[in-house]
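Take a look at the structure below.

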Amino acid sequence: MNPKLSNRIAISVLYVISGTIIVILAALLGYIIISGLPAINWHFLTSPARAFTSGGGIGIQLFNSFYLLILTMLISFPIALGAGIYLNEYAKQNWVTALVRTAIEILSSLPSVVVGLFGFLIFVVQFDFGFSILSGAFALTFFNLPLLTRSIEEALAAVPNAQREGGLALGLSKWETVTHIIVPAALPAILTGVILSAGRIFGEAAALIFTAGQSAPALNFADWNPFNMTSPLNPMRPAETLAVHIWKINSEGIMPDAKAISSGSSAVLVISVLAFNLLARFVGKRLFKRLTAS
Amino acid sequence: MNNQLKKQLLKRSKAAKLERLGKSVSFLALMLITVTVFAIIIFVASKGFSTFFSNHVSFVDFITGKNWNPSVTNAKGQPEVGALPMIAGSFIVTILSALVATPFAIGAAIFMTEISPQRGAKILQPVIELLVGIPSVVYGFIGLTVIVPLTRSLFGGSGFGILSGTCVLFVMILPTVTSMSVDALRAVPRYYREAALALGATQWQTIYKVILRAATPGMLTAIVFGMARAFGEALAVQMVIGNAALLPTSLVSPASTLTSVLTTGIGNTVMGSLQNNALWSLALVLLVMSLIFNLVIRLIGRKGAMSK
Amino acid sequence: MSKARWIEILLVISIVILGGWAYQTRQVSHTNQTITAVGSTALQPLVEAAGEDYAGQHLGTFVNVQGGGTGTGLSQVQEGAVDIGNADVFAEQQKGIVPSRLRDHRVAVVGITPIVNPKVGVSHLTTKQLIAIFTGRVTNWSQVGGHHQKIVILNRAQGSGTRTTFEQYGLNGHRSIAAQEQDSSGMVRQIVATTPGAISYVGFSYVDKTVRAVSLNSVAPTNQNVTTNHWKIWSYEHMYTGRQPQPLATAFIHYIQSAKIQKTLVKQLGYISISEMKISRDGHGTISQVGSSHE
């Protein structure tokens, strides 16, 4: 076979593969949204869930999901960023570093139910946080750290060495080079990593069942004092998230409209992730422009 | 005057202080992760080993036994905790889904980096990110309502089994493997491409003979990560694989994985009892198996890097 | 100091002040009036709904209800980590639990029935046939009077209360062969409804028109038959506390046992009220007439 022909064949195969992936996603999204859309309306999005009568909504669960996501990111992003910077910029290539890397990879392959139970025994029982958003956020941090660290490290590694040399040549310290040059240059890639892991956090259920809990007590959305039990901002209240809610309905739901609620919730979940992606992308672009003066 | 200058020169500059602070803070962050990992490993190991040490189950029976019935004792007076069906199930599903996902993932990654970066960034990148965003519960639900009936009508049986599990896992690990392969391909220096093209190689020859070779270690890591995710995935697989603690006889017979048995059973057992410890032993097996996977791939990666 | 630094300091100070003010003005009544109930996912909706009612009537209390499974519930209440452990089985039936350290409170009764896919052509079985099916001696529906269709057995997860009860009273203590397992009733119903030849078992409240409930030895699975023990596959829903329960926990359990909840919520959720039972059963399966032995 001559090289030109094989070139053409190979490239068309690649087109087919990429096309297939897009079709798979389109089919998935189409299925989720078409089966879920009829259930979605303002009432569904804002009213609290009902245990066994129809007409319940997902308002509280939706809020909990976002709140938990933000808290988890607040805790895990600085840690992952620090770890990523150290691994890529400071760590020597020796067996200790290799061990740490292996440890991180192992953490990422742990089933989330194990992480959830660990979180349950440590935070809920030992530290006496109870079933709360805070326990959930810590458990999700464990779950999130390896992937986030890995993607941040890779994002940093992708920045050309010339940038580092330039920074050092200008008399900046290594730390200044990293914070003022490398991190801003790697920002779009870091942001992609954050989005990817945010998607995972948003949809995670198994790790939360034993930590953030499976009940969503009524909230008073007029009360923004984080020390009150019914305040949406209280991090010590039990909080069922949307993904846990879907899991619960699919498994034990006895409300007559369980199926509609579960497909509606799935659609909302996917649409939220979509919206979140678009927003992060937009912010990332703006940020990149401001930080790198390009 | 001289003294003052000396002091000024010898004093740590603001930048140096910041440097030390930054370095130690980022080191602390890394240590935090490492300590957490070891805490979890010790926790799982102490629970998992107690099946063998406090409940005196023979390790060989655990690995090779085919009956999983921890609340029942067999003829020898030992509890029936044979994990072979689950170990086999986990292995088969993981390897199959990685086999299916790898060509797709690498193909898409090449498309995004080499063939059409613009379209890749505009269309495929968001697609991949969205696929990650779909929660495993939803994947499981779709598997249950779409893939299982489809398998049933095409291949007979109940539809629950390794084939359905593979289908679901394939879609679930695809984004992980793809995005990491993209990173690996992007890390290949630009002059490799330019040199190959300048020598008169076609685009495909450049990709196949140069870029893919250079990116092999990175892509292997991507595949391990995908396999690790497939290994640890619980909810979605559990919904479609059937959870029968039987050695799989065909791709469409119900089977089980370590995670599916772990998730279904953990809430129904009492902390500290044999039944509970046996489940933690499964988690330990999971841990050890992923460790072995990591090491093997590391070796392959090192070899690949040397022959480059 | 630069302008940015000043703004930073101002921001920190204002956050601290705001936090202090919020802490000062919090509703203090909520602090020590919380009880936590953990355990059976089947019982969760009832306790949750009752908890909301209770909190609505007794201001300043809060009932935190979580799932996690019977085993989790019992072990956590035994450890003293939670106030109430919800369970589908007697503590005696759960390995690793010391029943003497717990106090049993029965709050409802749930009847369990075998269900089959509607297309198998069978609507009644004998106990003998049922045992033969679940022990793998009968593998085709035509052997028990149905269509020519392979039997697909679907179990609940090992250790689940429903499975324990079903094997004890439906299969007379025989163990089911290894087969597919699911860890929730909703999933079992859905799979039975869509899989040709499937058989499983669920609580009465999960039976709907997508699956067919099977009558056993010519006894139909009805609430009426459970109260007289003619239908033998049923179990209590328990709320276990420690030997010295928190007063609020006791009060809350009494509230669930009260006629008001038993007549409304318990019924609506498909349970059988504890007060309707004409007989009672203890952890060893011994039956006695109500009145002769009462806790």
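Two residues are in contact if their C-beta atoms, placed from the backbone, lie within 7 Å. In chain A, residues 24 or more positions apart account for 75% of the contacts with a separation of 6 or more. This is a predicted model: local features need pLDDT of at least 70, side-chain atom pairs count only at pLDDT 80 or more, and totals for chains, interfaces and linings use all residues. Residues are numbered from 1 along each chain as its sequence is written, while chains are lettered from A and ligands numbered from 1 in the order in which they are written.

Chain A has eleven helices and zero strands. Both are DSSP runs, numbered from the N terminus: helices are H or I with at least four residues, strands E with at least two. Of its 294 residues, 53% are buried, meaning that 20 or more other C-beta atoms, placed from the backbone, lie within 10 Å of a residue's own.

Now turn to chain B. Helix α6 covers residues 136–155. Its end C-alpha atoms are only 25 Å apart, whereas a straight helix would reach 28 Å; that expected span is 1.5 Å times one less than the number of residues. Where is the kink in α6(B) centred? Find B:Gly143: the kink there is about 40°, taken between axes fitted to the seven residues ending there and the seven starting there. B:Gly143 is also one of the buried residues of α6(B). Just after the helix, B:Gly156 takes a positive phi of about 75°.

Conventions: A residue is buried if 20 or more other C-beta atoms lie within 10 Å of its own, exposed if 12 or fewer, and partly exposed in between; C-beta atoms are placed from the backbone.
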